[in-house]
Amino acid sequence: SLWRPAFLLLLRPGLAAGARQPAFSTSCVRCSKNRRLRQKRAISERKLTRYFVDHRKVRVVGGQGGGGGHSFYSEPRKIFGGPDGGNGGDGGHVILKADRQMKSLSSVLPFYQGFQGERGGSKNCYGANGAHLFVKVPVGTLVKEDGEVVADLTQHGEEYVAAYGGAGGKGNRFFLSNENRAPTSFTPGEPGQERVLHLELKTTAHAGLVGFPNAGKSSLLRAVSNAKPAVAAYPFTTLNPHVGIVCYQDYEQVAVADIPGLIKGAHQNRGLGMAFLRHIERCHFLLYVVDLSVPQPWTQLQDLKYELEQYKKGLSERPHVVIGNKIDLAQSRLNLPLLKEQIDGRVIALSALTGDNLEELLLHLRELYDAYVKTEQSQGKRPVKW
């Protein structure tokens, strides 16, 4: 009876020294939950950035048809059973399908090919048809080919066959006749249709931020939404549109697009050119962002409206509001009264950096959105929802 404690001391020296047992067990499932969870790796802002794509060039090819079968039926007591090669299956189509959950063409790949049909088998078995390939696109997508509109997907679930699959080949059973009782000929499957299509979105966002480079559009979008556009102290920081969602308490969502900065002569394709004027054209109302810290800031608004009018007449007269940014600077506070004297409409002075007076902008943004919804409903149209 005296050797047992000594044996336990050799196996568990911690107990003999009065050591404390660990707070959790490494083998018990219930106790393992108390362990400290491994922290997730922080994702950089560059990877969090999601560009808005409203134009995409896509090459679509239908599925290849399956080849026809080539076989002859043979069994005991019936050696010359005749041809029994079945026809091949048709290739699958490539179908564009409008989905209200899709808001951008960023997930659309530049190439799609339908599934191939199976080859015909023996015993007059036909090959299976290739499955159709569905490509989800946002509602309001225009499909163009050689500059002409071939489809306008305006309703959820609406489909358009972008490329038809090829027909399946004929087996040697198809060529059986009284003149040819043992045909050996069969045909391969036909190739699928091949097309090059241009997809365009008719709507970029509800509101578009319009301004010259370094006016603070990206900083303003960061302040009112969860979007993460790049912000830097050099011009043309934004090269691709970004869309941020402004959420309200009644669960309405207003989409605001950060349009890349324009320069003088943009309607002549200077700078970033005509492509980004098209982004502005697809917005329902505009937010002119003016840098209050520069001398004579009202000239910026005049130049912006001139570029929009040269691109499309009446574009600058859409429902809009003028935003005077960088009010936190001393020179901006001096230029604000001068700007209001030169402009007849409403001017909202704020600071995207410090967040001053953002509430006024959010309230007026909701007023513009409600007016847009009422106008669309009065005309029997369905307003765009995000």
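A cavity is a set of points, on a 1 Å grid over the protein atoms alone, where a 1.4 Å probe fits but cannot get out. Grid points are joined across faces, edges and corners, and a volume is the space filled by probe spheres set on the points. The largest cavity has a volume of about 40 Å³. The model is predicted: local features need pLDDT of at least 70, side-chain atom pairs count only at pLDDT 80 or more, and totals for chains, interfaces and linings use all residues. Residues are numbered from 1 along each chain as its sequence is written, and side-chain values use heavy atoms, with hydrogens and water left out.

**Overall**

- The protein chain contains 9 helices and 14 strands (DSSP runs numbered from the N terminus: helices are H or I with at least four residues, strands are E with at least two).
- Of the 386 residues in the protein chain, 40% are buried (under 20% relative accessible area, with exposed over 50% and partly exposed in between; 1.4 Å probe, protein chains only).
- Among contacts (heavy atoms within 4.5 Å) with a separation of 6 or more, 71% join residues 24 or more positions apart.

**Largest cavity**

- The count is 1 cavity of 30 Å³ or more.
- Lining residues, which have an atom within 4 Å of a point, are Leu 209, Leu 220, Val 224, Val 256, Leu 287, Leu 361 and Leu 365 for the largest cavity.
- Helix H5 (217–224) and helix H9 (358–378) each give at least two residues to this lining.
- The lining of the largest cavity has 7 nonpolar, no polar and no charged residues (nonpolar: Ala, Val, Leu, Ile, Met, Phe, Trp, Tyr, Cys and Pro; charged: Asp, Glu, Lys and Arg; polar: the others, Gly among them).

**Ala 207**

- Ala 207 is found in strand S9 (residues 207–210) and is buried, with a relative accessible area of 0%.
- Ala 207 and Leu 287 are 80 residues apart in sequence, yet their C-alpha atoms are 6.7 Å apart.
- Leaving out residues up to four places away in sequence, Ala 207 touches Ala 255, Val 256, Ala 257, Cys 283, Phe 285, Leu 287 and Leu 365.

**Largest pocket**

- The largest pocket (an open set with protein on both sides within 12 Å along at least five of seven lines) has a volume of about 930 Å³.
- Its lining has 31 residues, with Thr 203, Tyr 372, Arg 382, Pro 383 and Val 384 nearest the centre.
- H9 gives the largest share of this lining, 5 residues.
- By class, the lining of the largest pocket has 12 nonpolar, 10 polar and 9 charged residues.
- The largest pocket lies between domain 1 (51–202) and domain 2 (207–376), because both give residues to its lining; the domain bounds come from an automatic or database domain assignment.

**Asn 87**

- Asn 87 is in the loop between strand S1 (55–61) and strand S2 (94–99), and is buried at a relative accessible area of 11%.
- Its side chain makes a polar contact with the side chain of Tyr 126 at 3.4 Å (a pair of N or O atoms within 3.5 Å; within protein, one must be able to donate a hydrogen and the other to accept it, and residues adjacent in sequence count only if both atoms are side-chain atoms).
- The side chain of Asn 87 also reaches the backbone nitrogen of Gly 171 at 2.9 Å.

**Positive phi**

- Lys 123, in the loop between strand S3 (111–113) and strand S4 (133–138), has a positive phi of about 60°.
- Lys 123 counts as exposed, at 61% relative accessibility.
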